[in-house]
Amino acid sequence: MGRSCHDSVSVTDVVTRVAMTYQPVRPWREHWRRVERYHLRVRAIYDGTAPGNSEDWKDVIFDFFVAAHHLFEWIESDPREPLVVAPVAREWVKADQSLWLAREFSNTYKHHTRSTGVPVRIGGTITERGQNSMVIEWLDPISGVPNAIDALDLADRCMQAWRNFFVLHGLNPAG
């Protein structure tokens with residue numbers, strides 16, 4: 001039986017199955033939306049609404065920085081974008097300090113032991129009164145001085161760095 005929900009919409013049957021078909025050439029915007037979702041999950045850790053415990057939260061942090069790092073590959077591989085943008089995306093990751101840290105974090109996560117590059121890791125988690133935070137640590141590659149940054153601060157900086165890239169190169173993340 002159909003039941004009118006609105007002037008132009010009606011329900012005529014119960015939906016029992018939905019099938020999605022994905023295109024073989026995936027646009028970089030698909031991955032950007034994933035980065036945005038992971039960023040929301042990082043924020044949820046900080047406001048105390050993320051499920052799980054500090055081990056689960058580490059996975060969220062890993063997922064965000066790996067995805068933020070790999071966005072350049074999606075931009076490079078998207079045939080719908082101008083060829084001049086592809087190599088610039090890789091260089092952007094190397095030149096921007098926040099994205100460079102995301103890259104080093106991603107590569108540290110991917111490899112058990114790093115023989116090259118800068119090991120970047122989660123240094124700790126703080127939980128206090130329903131709010132949480134996580135610290136990212138690394139050694140300066142030149143001076144060897146220990147450095148640390150709040151994980152959400154770094155995630156926010158990575159998001160802004162990518163938004164700056166989009167504006168600078170005329171890319172519309174909304175499609």
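Biologist: Which residue stands opposite Ile 136?

Modeller: Ile 149, in strand E5. This is a predicted model, in which local features need pLDDT of at least 70 and side-chain atom pairs count only at pLDDT 80 or more, while totals for chains, interfaces and linings use all residues. Residues are numbered from 1 along each chain as its sequence is written, and side-chain values use heavy atoms, with hydrogens and water left out.

Biologist: Why are E3 and E5 called edge strands?

Modeller: The open sheet has three strands in the order E3-E4-E5, with antiparallel pairing. E3 (120–128) and E5 (146–150) each have a single partner strand, so one side of each lacks a neighbour in the sheet. From one strand to the next, the twist averages 25 degrees.

Biologist: Which strands does helix H1 touch?

Modeller: H1 (residues 28–47) packs on the sheet against E4 and E5, and its direction makes about 120 degrees with that of E4. H2 (residues 54–77) touches E3 and E4, at about 55 degrees to E4. The axes are lines fitted to C-alpha atoms, for helices over the stretch in contact, and angles run from 0 to 180 degrees between N-to-C directions.

Biologist: Why is Trp 100 called buried?

Modeller: Buried means under 20% relative accessible area, exposed over 50%, and partly exposed in between (1.4 Å probe, protein chains only). Trp 100, in helix H4, has 18% and therefore counts as buried. Ser 98, also in H4 (residues 97–110), is at 11% and is buried.

Biologist: What does Ser 98 contact beyond four places in sequence?

Modeller: Leu 154, Arg 157 and Cys 158. Contact means heavy atoms within 4.5 Å.

Biologist: Where is confidence lowest, and where highest?

Modeller: Strand E1 (residues 3–6) is lowest, with a mean pLDDT of 38, and helix H5 (residues 151–168) is highest, at 98. pLDDT is the predictor's confidence in each residue, from 0 to 100. The chain averages 88, and 91% of the residues score at least 70. Residues 1–9 stay under 50. Where pLDDT is low, the predicted coordinates should not be read in detail.

Notes: Helix = DSSP H or I, 4+ residues; strand = E, 2+ residues; numbered from the N terminus. Pairing = 2+ DSSP bridges.
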